[in-house]
Amino acid sequence: MNAWIRRTAAVGGAILLQLYGAAAYYAWTLPDNYYIQTGSTLTLHTALPLSAAPADQTVQAAADTGSDTETAALKLFGIIPVKSVEVQTIDTPMLVPCGEPFGIKLRMEGAMIVGLERVENQDGARCPAQEAGMQTGDVIQSIDGTAITSNQSLQDAIVQSGGETVCVTYTRDEISYTCDLTPAYADADGRYEAGIWVRDSSAGIGTLTFYDPESGSFGGLGHPICDADTGDIYPVGSGDASAVTITQVQKGIPGEPGMLQGEFTERAPLGQLLCNNRCGIFGTLYHNPSNETAIPMALKQEVETSEAQILCTISGDTPQAYDIVLEEIDYSGADNTRNMTIRVTDPALLEATGGIVQGMSGSPILQNGKLVGAVTHVFVDDPTRGYAIFCENMVRYGLCGS
């Protein structure tokens, strides 16, 4: 009898240990905050049943939405505590899924330093910008109080200094700094220089993810546009969303990502670009670009590892639907642009592109009649697979400006 009791206690202890281990796993991998549709309750799709019981605390939401943020206690089997999460009630936005290609023309608010060099003259060689403490990735905003609006305006300000020390205002990691810079005379060019290479604009092609018919706003790409030299997120002063036609597809193979190739058309701009952040490129459009009807945005807890579709354009300017599978979902929020692992299964798309190619970023993902998210990255060693972002993240960090 005693032996049976000991064995039962041992088995029970092992099971209890596993349950607490599962609770710790969910506490680590599940996010700390959720949106839910007005009038509904928080439901999670997990291997083991989790319940969300309202806690005592209720606070006003930070956003001016008129909704409340409640604190809910997640419990495994309704018994074992997992963690407390914030649950905000919202009216889920109705968004038009797009999939059309668009041209990106960005103009910077200032000029970004993409390289440093030594200026040579008869007295030797020096880099004035480096001496002043500047580095690649810094964005020059003004010189002696005069705004820098282009590469040319920066060059003119340095030349007109006549070699006298100037006060430079610049930003680094969104923080403003000033420094004193003394230009050096370049014998080869016959003018004063700061010893920097700069960029003030950028252009490329991406895919529209969604259009908000109520506000005229749109989101695209699902990841930031970064400078090719510095790797920093490109700061946007202004920009245009332009009409594009896809003319050719460079098929992807393992080790060599493919690419959509297109050309800007002479049609009027589609809209304005206003924001470039970690979750995509955002702005306003002058009209609805899609023939699709508006559908609800899927909340992250509604996304399932199952079949889905993407809308993308691989020829001309009209998107088509292709089959994919959502293989894995990461709710932890460690990377806002890599929430899902997806795999292309559609034979037609695999034949034409090899899977996911550059230029498809932003292609909307549909599942169960809702807009789930957008394609963001391709796996270099396996172009049939890649990453995707939750649409909820694009709306939260893009349209909402958080």
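I take a contact to mean heavy atoms within 4.5 Å. On that basis, residues 24 or more positions apart account for 67% of the contacts in the protein with a separation of 6 or more.

**Ground rules.** I am working on a predicted model, where local features need pLDDT of at least 70, side-chain atom pairs count only at pLDDT 80 or more, and totals for chains, interfaces and linings use all residues. I number residues from 1 along each chain as its sequence is written, and side-chain values use heavy atoms, with hydrogens and water left out.

**Overall.** I looked up the secondary structure and got 5 helices and 27 strands. These are DSSP runs numbered from the N terminus: helices are H or I with at least four residues, strands are E with at least two. The C-alpha trace spans about 100 × 50 × 45 Å along its principal axes. Buried residues make up 46% of the 402 residues. I use buried for under 20% relative accessible area, exposed for over 50%, and partly exposed in between (1.4 Å probe, protein chains only).

**Cores.** Which residues touch the most other members of the largest nonpolar core? I found Leu326, Met340, Ile342 and Ile365, out of 42 residues. A second, separate core has 22 residues, including Val96, Leu106, Phe218 and Leu285. A nonpolar core here is a set of buried Ala, Val, Leu, Ile, Met, Phe, Trp, Tyr and Cys residues joined through side-chain atoms within 4.5 Å.

I then listed the contacts of Ile342, skipping residues up to four places away in sequence. Among them are Ile324, Leu326, Ile356, Ile365, Val375 and Tyr387. Thr341 sits in strand E24 (residues 340-344). Thr341 is buried at 8% relative accessible area. With neighbours within four places left aside, its contacts include Val325, Glu328, Phe379 and Arg385.

**Leu349.** Helix H4 (residues 347-353) holds this residue. Leu349 counts as buried because its relative accessibility is 0%. Beyond four places in sequence, Leu349 touches Ile310, Cys312, Ile314 and Tyr322, among others. I also checked Leu349 against Thr384: 35 residues apart in sequence, 9.6 Å apart in space, C-alpha to C-alpha.

**Largest pocket.** Its volume is about 670 Å³. Of the 25 lining residues, the closest to its centre are Asp173, Glu174, Ile233, Tyr234 and Pro235. Strand E19 (271-277) is one of the elements that give two or more residues to the lining. E19 supplies the largest share, 3 residues. For a pocket, I use a 1 Å grid over the protein atoms alone and take an open set of points where a 1.4 Å probe fits, with protein on both sides within 12 Å along at least five of seven lines; lining residues have an atom within 4 Å of a point. Grid points are joined across faces, edges and corners, and the volume is the space filled by probe spheres set on them.

**Asp173.** I find this residue in the loop between E11 and strand E12 (175-181). Asp173 is exposed, since its relative accessibility is 70%. Its phi is positive, about 55°, although Asp173 is not a glycine. Most residues other than glycine have a negative phi. Asp144 also has a positive phi, of about 50°.

**Aromatic pairs.** I count 5. Tyr170 and Tyr177 are stacked, 5.7 Å centre to centre with 25° between the planes. The rule pairs rings of Phe, Tyr and Trp (its six-membered ring) with centres within 6.5 Å; planes under 30 degrees apart are stacked, over 60 edge-to-face, the rest tilted. Tyr170 is buried at 5%, whereas Tyr177 is partly exposed at 33%.
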